[in-house]
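Here is a short report on one protein model. The overall fold comes after a look at a single element.

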Amino acid sequence: MDAPEWMKQAEELRAKRPRHILFLCVANSARSQMAEGIARSLAPPEVRISSAGSAPSRVNPHSIAALKEIGIDISGHSSKGTDAIDSASVDAVITLCAEEVCPVFLGKATRLHWGLPDPAPHGTSVSASLDGFRAVRDELRKRLGFLFSGSWFEKADAIRDAVRDQYARVAESNSCGCGPSCCDSNEMSVTPAEALGYSVEQAGSVPEGSNMGLGCGNPQTIAKLKTGEVVLDLGSGGGFDSFLASRQVGASGHVIGVDMTPEMLTKARRNAALGGYHNVEFRLGEIENLPVANDTADVIISNCVINLSPDKPRVFAESFRVLKPGGRLAISDVVATAELPEEIRRDLALYTGCVAGASLISEIESMLSRAGFEQVRVTPKDESKSFIREWAPGKPVTDYVVSATIEAIKPRK
Ligand SMILES: C[S@@+](CC[C@H](N)C(=O)[O-])C[C@H]1O[C@@H](n2cnc3c(N)ncnc32)[C@H](O)[C@@H]1O
């Protein structure tokens, strides 16, 4: 039997690797809203998803309820007109109307038409049954699951492999810092600890070799660590921030560093032994799949790591899982202040160099809220541009990225 038309179209679209997919319908209240919610939960993190309609009304409560049943929250969505969309960036449009006339998209995007029945005929929610919404939801889940399956996802592993290779070289060379060029050209691009906000005393208090100049800030300044706390350091590298945290939480506290690069782990463990740190351990693992039990940490710190993850929503979901209720995030990371241009986003050296994987501040806020965090605060540090510029000499990276602190709280319930 031949594959259905939608499947062939989805396969073609997948091969084009669209960066911004727009779902269109008339009222932007049911089909396109559900498609947006489901696609966001399935798409690789670098793909933007939006929806709009020619006659926006409001998000149908049955759409919200049907997605809630499968763990997707679109209660914060609003119905939008096509004029609210940044149409120049859209490179794929999927129209979802059946009998009605779908809005026409005038951009250069690839177009697909998936005519699905309106689950709320006449725009009513009262007369419509939830079953109609469930049927459309399940059809969308099937089609979008297919669209975002297979080779596209393998890209995330390819990115992680490139990042791991880069930091294995950094760990073994002892001479490279953040930024794309240093390890290939033997140039030094190490950011001095003082420029990142550490005191001379802090920088001198850790075993030699643990401060590798790989950070982009000092998470200790916002972590406000207390004696006895359990701290988790995501992407602990040579152990610099873990060792500083160890002194803050004292013998009754505990620090767990997690890193996916075995060479970094070896280095951090050697440093811990050298410095006689008994309340610190280093675990091999991915921050997207933390080797840590639920409700373990009082505080999660991290320094210039989450930008490197190809699956940031998952990092935040995992962070939420392993924090104790009331626990907090105290992160320094590189974030985007403007949409990164194509030539930066596609540059793998800039990705492993902590630039090209940066997410927009608004995306980080929304990923954190969607993971369940409250009191989310992302604070860009303009002064960081002076050292970020050194990471990619001659490239205008500071027009787009900056270092920021990221804070959030897991509610106590
Ligand atoms: C830029 S370095 C920062 C190291 C350390 N936080 C510091 O400030 O010195 C990034 C570190 O994160 C680790 N890393 C990157 N992506 C990771 C992931 N998905 N899971 C676990 N570790 C990761 C790398 O192996 C590397 O050690």
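The expected span of a helix is 1.5 Å times one less than its number of residues. This model is predicted.

Helix 10 covers residues 262-275, 14 residues in total. From first C-alpha to last, helix 10 reaches 20 Å. That is close to the 20 Å expected at 1.5 Å a residue.

Which residues of helix 10 are buried? They are Met264, Leu265, Lys267, Ala268, Asn271 and Ala272. Seen down the helix axis, the buried residues of helix 10 fall within an arc of 165 degrees, so they line one face of the helix. The face turned away from that buried side carries Pro262 and Ala273, both exposed. A residue counts as buried with 20 or more other C-beta atoms within 10 Å of its own, and as exposed with 12 or fewer.

What follows helix 10? Gly276 does, and its phi is positive, near 65 degrees.

**The whole protein.** The secondary structure comes to 15 helices and 11 strands. The table gives overall values.

| Property of the protein | Value |
|---|---|
| Radius of gyration | 23 Å |
| Box of C-alpha atoms, along the principal axes | roughly 70 × 45 × 45 Å |
| Buried share of the 413 residues | 48% |

For 413 residues, a compact globule would have a radius of gyration near 22 Å, and the 23 Å of the protein agrees.

Contacts give another view. Take those between residues at least 6 apart in sequence: 71% of them join residues at least 24 apart.

Terms used
Residues are numbered from 1 along each chain as its sequence is written. This is a predicted model: local features need pLDDT of at least 70, side-chain atom pairs count only at pLDDT 80 or more; totals for chains, interfaces and linings use all residues. Helices (H or I, at least four residues) and strands (E, at least two) are DSSP runs, numbered from the N terminus. The arc is that of the directions from the helix axis to the C-beta atoms. The radius of gyration is taken over C-alpha atoms; the globule rule is 2.2 Å times the number of residues to the power 0.38. Two residues are in contact if their C-beta atoms, placed from the backbone, lie within 7 Å.
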